Amino acid sequence: MIARRTKRKNFNVALFGLGNFGRNYVRLLADFPGARLHTVVTKSGRKNPDIALPSDTEVTADPKKVWHNSDIDAVIIVTPPANHFALAKAALESGKHVLVEKPMVVGLKEARALQHIVTATGNILAVGHQYLFNPYVRYLKGQLDEKSLGAVFHVISEHLVSPARNDVDAFYDAAPHPLSVMHYLFNPGKIVDVCGFSRRIGGNRFAQTAVATVKFERPPLLTITASWVGDRKTRRLTLVSDRCRATLDETLPDKRLSISESGGIHKPVVAAIEPLRAELEHFFACIRTGTQPLASVKLGVIIAGWLETISRSIR
């Protein structure tokens, strides 16, 4: 599908959400070539004193000020997932391009509805699967394409100790990352079997811990462990093959990828690139050229379907 191009030299951007992750977009857009943070939309309509905004950025609580402003080209949505569908729908229908943080939406029905709107409007919709722009994940993709890692039969994702949320459970919060990486690295097809469990502690509405092992049409097997609790913060992705074991540990300051095989442990040198900055560059390039993003609405629909299937199986 060919998307609508925006030929403006410098893009005006509206940001929805100014929480812990929204501030990262503020930091990047403060001096991002070819983009300006035009408007920030928050629930209160007030500035966060802990986040320095550009002096000419407007802050409002009224989304209509974005929808009705033809000077605004793109919208970035960093709100609780339950709000993603309504905001993305309104943005697309008002002629804006959209970058929405993961998960794109909270159900497959909403995902398919957004896909129809993207097709009808011709606007770009990108999903914030920033691990697809992680330089170590890109390195692994290159190694897999060259068949240097052997036949991978198991992928293990561990995401432990993160802030509890009041809108989605621990699995829905963490799983989009390994699922998007799984699709990017292996394109394994449809889910054929799931086993696992999720647990709520006390009177909590959402499960704080979940474990799922997923079998797809094609290898490898995927196991995801997600928990808001634990002994220490863990962000680890492991690929196990008939030749080696490749482990990406995102908590390390550098040399995050280690490849263990019979000859010892190899830590490849990978250029340091901030994934979120690379994702933004890609998003704006897609707007300029009218090309579909790597994490397009099509991928968003696939991930939404996988999330729904797995979540239903482990309840």
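**Entry 1: the largest pocket**

I began with the largest pocket, where helix 1 gives the largest share of the lining, 3 residues. My model is a predicted one, so I kept its rules beside me: local features need pLDDT of at least 70, side-chain atom pairs count only at pLDDT 80 or more, and totals for chains, interfaces and linings use all residues. Residues are numbered from 1 along each chain as its sequence is written, and side-chain values use heavy atoms, with hydrogens and water left out.

I noted what the words mean. Helices (H or I, at least four residues) and strands (E, at least two) are DSSP runs numbered from the N terminus. A pocket is an open set of points on a 1 Å grid over the protein atoms alone, with protein on both sides within 12 Å along at least five of seven lines; a cavity is a set where a 1.4 Å probe fits but cannot get out, and lining residues have an atom within 4 Å of a point. A volume is the space filled by probe spheres set on the points, which are joined across faces, edges and corners.

The largest pocket has a volume of about 1,600 Å³. I found 47 residues lining the largest pocket, with Asn20, Phe21, Asn24, Lys102 and Arg165 nearest its centre. By class, this lining has 20 nonpolar, 16 polar and 11 charged residues. Here Ala, Val, Leu, Ile, Met, Phe, Trp, Tyr, Cys and Pro count as nonpolar, Asp, Glu, Lys and Arg as charged, and the others, Gly among them, as polar.

**Entry 2: the second largest pocket**

The second largest pocket has a volume of about 300 Å³. Which helix gives the most to its lining? I found that helix 9 does, with 5 residues. Nearest the centre of this pocket lie Asp169, Tyr172, Ser311, Arg312 and Arg315.

**Entry 3: cavities**

I counted 3 cavities of 30 Å³ or more. The largest cavity holds about 130 Å³ of space, and 13 residues line it, including Tyr131, Ser157 and His177. Strand 7, helix 7 and strand 11 (234-241) each give two or more residues to that lining.

The second largest cavity has a volume of about 40 Å³. Pro103, Met104 and His129 are among its lining residues, and the lining has 6 nonpolar, 2 polar and no charged residues.

Pro103 sits in the loop between strand 5 (97-101) and helix 4 (108-121). I also found a cis bond from Pro219 to Pro220, with omega near 5°.

Next I looked up positive phi values outside glycine. Lys147 has a phi of about 60°, and Asn187 one near 45°. Is Lys147 buried or exposed? Lys147 counts as exposed because its relative accessibility is 65%. The cut-offs are under 20% for buried, over 50% for exposed and partly exposed in between, with a 1.4 Å probe and protein chains only. Asn187, at 42%, counts as partly exposed.

I traced an open sheet of 6 strands in the order 3-2-1-4-5-6, with parallel pairing. Strand 3 (58-60) and strand 6 (125-128) each have a single partner strand, so one side of each lacks a neighbour in the sheet. Two strands pair if DSSP finds at least two bridges between them. Strand 2 (residues 35-41) and strand 3 pair over 3 bridges, and Val41 has Thr60 as its bridge partner in strand 3.
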